[in-house]
Amino acid sequence: MRIGILSTSSLVLAGLTALALGAASPAAAEDLTVVSWGGSYQASQREAFFKPFAKDTGNKILEEEYNGEIAKVRAMVETGNVSWDVVDLDTRSALAACAEGIIETIDWGKLGLDKSKFIGGDVNECGVPNILYSWVLAYDKDKTPNGPTSSADIFDLQKFPGKRGLQKAAIVNLEWALLADGVALADVYKVLATKEGVDRAFKKLDTIKGQVVWWEAGAQPPQLLADGEVVMTTGWNGRFFNAVRDDHKNFGIVWDHQGMDWDWWTMPKGGPKVDLAYEFISYASQPMAMANQTKWISYGPANKDAVPNIEAATLPDLPTAPDNMGTALLLDPQFWADHNEELNERFNAWLAQ
Amino acid sequence: MVSTTVDRVARTADGVPLKVKLQQAERKRKLRAVALVLPLFLFIVAGFVVPISIMLFNSVHDPEGLRTLMPKTSVALQSWDGQDLPSEEVFAAFAEDLKVAQIAKNPVAAIGKRLNYEMPGIRSKVIATGRAVAKLEQGPYKEALIKINAVWGERATWAVIQRSSRVFTSFYLLNALDYRFDENNEIFRRPAADSIYQDIFVRTIAISIMVTTATLLLGFPVAYLLATLPLRTSNLLMIMVLLPFWTSLLVRTTAWVVLLQTQGVVNDILIWVGILNERVQLIFNRGGTIVAMTHIQLPFTLLPIYSVMKTISPTHVRAARSLGAGQFYAFWRVYFPQTIPGIAAGSLLTFILSLGYYITPALVGGPKDQMISYFVALYTNRELNWGMASALGGILLVATLILYFVYNKLIGVDRMKFG
């Protein structure tokens, strides 16, 4: 066939040219891979940090999502093939990863930030705190007009019959079980550190076990509520806030015993772009940037200097708002760093039976 | 007269013995065949045999073993007989290892993590001991360590450390079957509250059998219809069977969530028609899992059966009828046995695929419907306990192979046909 040689060689030529052009991309601008939790939370980070950073410095942010599995970080560090530059970790994972030595220790001088200005700055040597978020109880005001008012209502099957949503993990569920069983807020972790305390928490959870729908991803609780699959559910407050504001759902949030925790910016050890990662984290921790993030999701910024810059209308929805802090339960990072594995093992065994 | 010796060896036209020529031709043929298969063989070795061997190796080699993290202690403990407490030498070695680990900082937590598998709660004690030992200048270490934390004065602790310092360990495999070592190094069954894996293995096999049976019951009549209808109708029906097959697995599973949820389509229809008065829980339980898995596995069972049925000539049944067989008798004695190779192929495929199912039970099943792959994923991704993940995976592989051999004995691989 005549199509043969001439067009084949011209195709090859065209292909090689394209390859050469593609390879000669503009230097200077580097890509930074940032990994976060997806959903509306990552969308807020995109608007507040990723896009402005790309615009101001010319370095593109390549986003990836995960659901808290730090096995990938560990595998990357162990094989020396680190492709994630910045990872948004929760406290337990961050402390465990730090103890295992798979994330970098933070040099606050290099960041150009003052550690004392950050809530929780001393908790984790290997992370920069970015937000304060909390587990809260939420319900649909349309379907349940007289909704729950305290965290113990999750265990009240008589007053609120129907399914409830709980996270498929030991954290927060055990504390709320003890609180509903009558333990004082100040003693929760003391009791939970004993075997009898753990047994007591699981016994309380047994009372509702048959009525629970278990969620794993942060986007599931608002979806479960919207579908009417559950009467009430635990979840991360920012996700419910987004469902109310952006999807126009009529959800009510119960702040009683909100389980407060941090999220951290961390860098896997031995990454090739540590300097650029420091630049990004420093950028994302500036007061204005952190205050901006609250426009998109209702998580409290960890930078105390950011608070005055937050819009007044958003303040009541933050976990750190004075009205919401009344009975707040700060999840003890050291307790969970020590006991997360064994409690989760016990939890998985309890769940599978 | 010229006497010629009769040449007994057959020769080809160019004088080469026929046997040699034949061997050369055979060798060429074999080389050609090997060359064709070689890429696939190498791919299977590199992408299948090697990773699985590494996984099986991990289940006994203890990727987090203490031999590398606590070298001196491992050597010193080899001579301990398990009675009373180890000697001062062992404690000194332990303190040395902890001091080295403390400077590197990371391994102390790794030591704590590994010991925590067998003794929950010891992790924080190890980390605290590491910090305290760094301040000790010199021995004797035995009393000093016991003073730092009483757990070092317990025989059980040292039994655990001794076991975790060996090159090969059976800890993960035993744990995957709900067994543990006690302080006298004897195997005991874990209490019922903590034993979940035996039940989960049984559950995995039970769900796979149920799904295979369901796909067979649903798939056989449809395959028969597809094979016997005229071409245009059967083509249309075939597209309807294949279209879901070409849709993403995740999309199909999520579609089932929408259909089966309490406020979903199925419940709505059942209430509107009047069959039900109250909404029924169709999802996040065993029923929903089986339904969704059957839907996804149906083409896998159906297509081999259909292919085999297509090769069965319709004259066979007609001949049987003409010889006096009743409708059912003709079907059962003439038609059905010829479809058995297809049934065997389809059901084996579905069964083995179902054993490894992860995403569908995770999305539409309840906590009591999680199959073994869920726990493999849990240990790989969240708990970072790759020894356990490998052990569970290895046991699943062995169970699958055993079931396959049983199946082979019953039906025979040679009798399987895909078309």
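In chain A, 72% of the contacts with a separation of 6 or more are between residues 24 or more positions apart. Keep in mind as you look around that this is a predicted model.

**Chain A at a glance**

Let's stay with chain A for a moment. It has 13 helices and 10 strands, and its C-alpha atoms fill a box of roughly 80 × 55 × 40 Å along the principal axes. Of the 353 residues in chain A, 47% are buried.

How is chain A divided into domains? Domain 1 takes in 31–132 + 262–319, while domain 2 takes in 133–260 + 325–352. Going by C-alpha atoms, the centres of these two domains of chain A are separated by 26 Å. Where they meet, domain 1 of chain A puts in 18 residues and domain 2 of chain A puts in 17 residues. On the domain 1 side of that contact, α2 (39–57), α4 and β4 (128–140) of chain A are the elements giving two or more residues. The most come from α4(A), with 4 residues. Sorted by class, this side of domain 1 has 10 nonpolar, 5 polar and 3 charged residues.

**A strand with several partners**

Now find strand β8 of chain A, residues 251–266. Is β8(A) mostly covered or mostly open? It is mostly covered, with 14 of its 16 residues buried.

| Strand paired with β8(A) | Sense | Bridges |
|---|---|---|
| β3(A), residues 86–90 | antiparallel | 4 bridges |
| β4(A) | antiparallel | 11 bridges |
| β10(A), residues 329–330 | parallel | 2 bridges |

L89(A) sits opposite W264(A) of β8(A). Further along, G259(A) of β8(A) has W135(A) opposite, and G259(A) also stands opposite L329(A) in β10(A).

**The nonpolar core**

In soluble globular proteins, nonpolar side chains tend to be buried together. Here, the largest nonpolar core has 174 residues. Which members touch the most other members? They are V86(A), A97(A), A138(A), I111(B) and L392(B). Helix α14 of chain B, residues 286–310, is the biggest giver to this core, with 13 residues.

Setting aside residues up to four places away in sequence, V86(A) touches L32(A), V34(A), W265(A), M267(A), A277(A), F280(A) and I281(A).

**Where the chains meet**

How many residues of each chain are in contact with the other? The count is 20 residues of chain A and 26 residues of chain B. On the chain A side, α3 (71–79), α4 (91–100), β6 (212–215) and α13 (333–352) each supply at least two residues. By class, the chain A side that touches chain B has 8 nonpolar, 4 polar and 8 charged residues.

**Over in chain B**

Chain B is assigned domain 1 (1–49), domain 2 (66–169) and domain 3 (197–415). Between the C-alpha centres of domain 1 and domain 2 of chain B there are 65 Å.

Take a look at helix α4 of chain B, residues 88–104. Which residues of α4(B) are buried? They are V90(B), F91(B), A93(B), F94(B), A95(B), D97(B), L98(B) and A101(B). An α-helix has 3.6 residues a turn, so residues three or four places apart point the same way.

**One loop residue**

Finally, hop back to chain A for T314(A), which is in the loop between β9 (300–301) and β10. Why does T314(A) count as partly exposed? Because it has 17 other C-beta atoms within 10 Å, and a residue needs 20 or more to be buried and 12 or fewer to be exposed. Leaving out neighbours within four places in sequence, T314(A) is in contact with T294(A), K295(A) and S298(A). T314(A) and S298(A) are 16 residues apart in sequence, and their C-alpha atoms are 7.2 Å apart in space.

How values were computed. Residues numbered from 1 in each chain as written. Chains lettered and ligands numbered in written order. Predicted model: local features only at pLDDT ≥ 70, side-chain atom pairs only at ≥ 80, totals over all residues. Contact = placed C-beta atoms within 7 Å. Nonpolar A, V, L, I, M, F, W, Y, C, P; charged D, E, K, R; others polar. Domains from an automatic or database assignment. Core = buried A, V, L, I, M, F, W, Y, C linked by C-beta atoms within 7 Å. Pairing = 2+ DSSP bridges. Expected span 1.5 Å × (residues − 1).
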